[in-house]
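Here is a short tour for a first look at this model. Keep the structure in view as you read.

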Amino acid sequence: MAENDRFDKFEKKNGRPVKEQEEKKTKKVLLSMTEKQHKKMLRYQKMFGKNTLTSTLEYLIEQGEEKVLEELESFRGR
């Protein structure tokens with residue numbers, strides 16, 4: 001019976017899988033930037049192969065968070 005349970009999610013409906021409530025992006029943030037900053041973000045978008053500026057910014061934020069957490073861990077170890 002457990003074998004069939006694995007495939008239930010595929011049989012219920014076609015299309016995108018349903019996201020959990022906490023995974024839904026419902027919060028909007030207004031971000032203002034200069035023309036120079038915008039051009040830099042567009043270059044990053046191309047460089048990282050991202051489809052949107054939002055995904056580019058999310059990627060940069062994630063990378064920055066990882067770097068900060070690494071620095072905090074090394075600081076604690078001292």
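**Overall fold**

This is a predicted model. The protein chain holds three helices and zero strands. Along the sequence the pattern reads α-α-α. The chain has 78 residues, and buried residues make up 4% of them.

**Where two helices meet**

Start with H2 and H3. Helix H2 covers residues 35-48, and helix H3 covers residues 53-76. The two pack at an angle of about 85°, and their axes lie 9 Å apart. Angles of 65 to 115 degrees count as roughly perpendicular, so H2 and H3 are roughly perpendicular to each other.

Which residues in H2 and H3 meet? From H2 come His 38, Met 41, Leu 42, Tyr 44, Gln 45 and Phe 48. From H3 come Leu 53, Thr 56, Leu 57, Tyr 59 and Leu 60. By class, this contact of H2 with H3 has eight nonpolar residues, three polar ones and no charged ones.

**Two residues at the contact**

Gln 45 sits in helix H2, and Thr 56 sits in helix H3. Is Gln 45 buried or exposed? Its relative accessibility is 14%, and buried means under 20%, so Gln 45 counts as buried. Thr 56 has a relative accessible area of 0%, so Thr 56 is buried too.

The table lists their contacts, leaving aside neighbours within four places in sequence.

| Residue | Helix | Relative accessible area | Contacts beyond four places in sequence |
|---|---|---|---|
| Gln 45 | H2 | 14% | Lys 50, Asn 51, Thr 52, Leu 53, Thr 56 |
| Thr 56 | H3 | 0% | Met 41, Tyr 44, Gln 45, Phe 48, Lys 50 |

**The largest pocket**

Now turn to open space. Rolling a probe the size of a water molecule over the atoms shows where empty space is left. The largest pocket has a volume of about 330 Å³.

What lines the largest pocket? The lining includes Lys 25, Lys 27, Lys 28, Val 29 and Leu 31. Leu 53, Thr 54, Leu 57 and Glu 58 line the pocket as well. By class, four lining residues are nonpolar, one is polar and four are charged.

Definitions and conventions:
Residues numbered from 1 in each chain as written. Predicted model: local features only at pLDDT ≥ 70, side-chain atom pairs only at ≥ 80, totals over all residues. Heavy atoms only, no water. 1 Å grid on protein atoms, 1.4 Å probe; cavity = no way out; pocket = protein on both sides within 12 Å on 5 of 7 lines; lining within 4 Å. Points joined across faces, edges and corners; volume = space filled by probe spheres on them. Nonpolar A, V, L, I, M, F, W, Y, C, P; charged D, E, K, R; others polar. Axes fitted to C-alpha atoms, helices over the stretch in contact; angles between N-to-C directions. Parallel < 35°, antiparallel > 145°, perpendicular 65-115°, else oblique. Contact = heavy atoms within 4.5 Å. Buried < 20%, exposed > 50% of the residue type's maximum accessible area, 1.4 Å probe, protein only.
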